[in-house]
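Reader: Could you help me learn how to read a protein model, one feature at a time?

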Amino acid sequence: MKNKRPLRYAPLYIARLRDTRTGIAAFGVFGAGAFALLSAAMHNYRTFFEPILQVFLMAVRRRGSHLYDPSDYFFWAWVPLMFAAICLATCLIVLANKSATDRRIDRALRERLGQEARGAPLEPD
């Protein structure tokens with residue numbers, strides 16, 4: 001039997017991807033793309049998505065009845081596109097501030113490690 005890595009290592013790969021420029025850009029592109037595709041699908045296939053939207057709104061309200069108005073469907077179809085814009089803008093801001101954030105983390109780590117390394121020399125003269 002082939003030796004496989006256990007699933008407990010999967011979050012490590014995700015964390016590595018989350019902290020890199022490539023991972024942030026991929027999340028922004030794929031997240032915004034998925035929301036944009038959902039919005040386009042909701043606009044083109046209203047007969048399929050309208051019952052799903054009604055059930056979703058009923059589940060979100062957690063009440064027995066929901067007040068769904070069919071004239072509001074286009075508002076709900078534009079909501080995923082708004083989320084796509086928010087996702088893309090957030091990822092662009094994070095990418096723009098990544099180098100400053102990395103420098104701030106490096107400076108804090110250097111200060112912390114520098115304070116611990118002060119004292120008597122490790123090797124006698």
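Reader: What is the mean pLDDT of the chain?

Author: pLDDT is the predictor's confidence in each residue, from 0 to 100. Here the chain has a mean of 82, and 78% of its residues reach 70 or more. Confidence is lowest in helix H1 (residues 10-18), with a mean of 71, and highest in helix H2 (residues 21-44), with 93. Where pLDDT is low, the predicted coordinates should not be read in detail.

Reader: How many helices and strands does the chain have?

Author: Both are DSSP runs numbered from the N terminus: helices are H or I with at least four residues, strands are E with at least two. This chain has 4 helices and 0 strands.

Reader: Which residues of H2 are buried?

Author: Buried means under 20% relative accessible area, exposed over 50%, and partly exposed in between, using a 1.4 Å probe and protein chains only. The buried residues of H2 include Gly23, Ile24, Ser39 and Met42. Across the chain's 125 residues, 17% are buried.

Reader: What does serine 39 touch?

Author: Contact means heavy atoms within 4.5 Å. Leaving out residues up to four places away in sequence, serine 39 touches Ala77, Trp78, Pro80 and Leu81. Its relative accessible area is 2%, so serine 39 counts as buried.

Reader: How many aromatic pairs are there?

Author: Rings of Phe, Tyr and Trp (its six-membered ring) pair if their centres lie within 6.5 Å; planes under 30 degrees apart are stacked, over 60 edge-to-face, and the rest tilted. The whole structure holds 4 aromatic pairs. One of them joins phenylalanine 75 and tryptophan 76, edge-to-face, at 5.2 Å centre to centre with 75° between the planes. Phenylalanine 75 is exposed at 52% relative accessible area, while tryptophan 76 is partly exposed at 29%.

How values were computed: Residues are numbered from 1 along each chain as its sequence is written. This is a predicted model: local features need pLDDT of at least 70, side-chain atom pairs count only at pLDDT 80 or more; totals for chains, interfaces and linings use all residues. Side-chain values use heavy atoms; hydrogens and water are left out.
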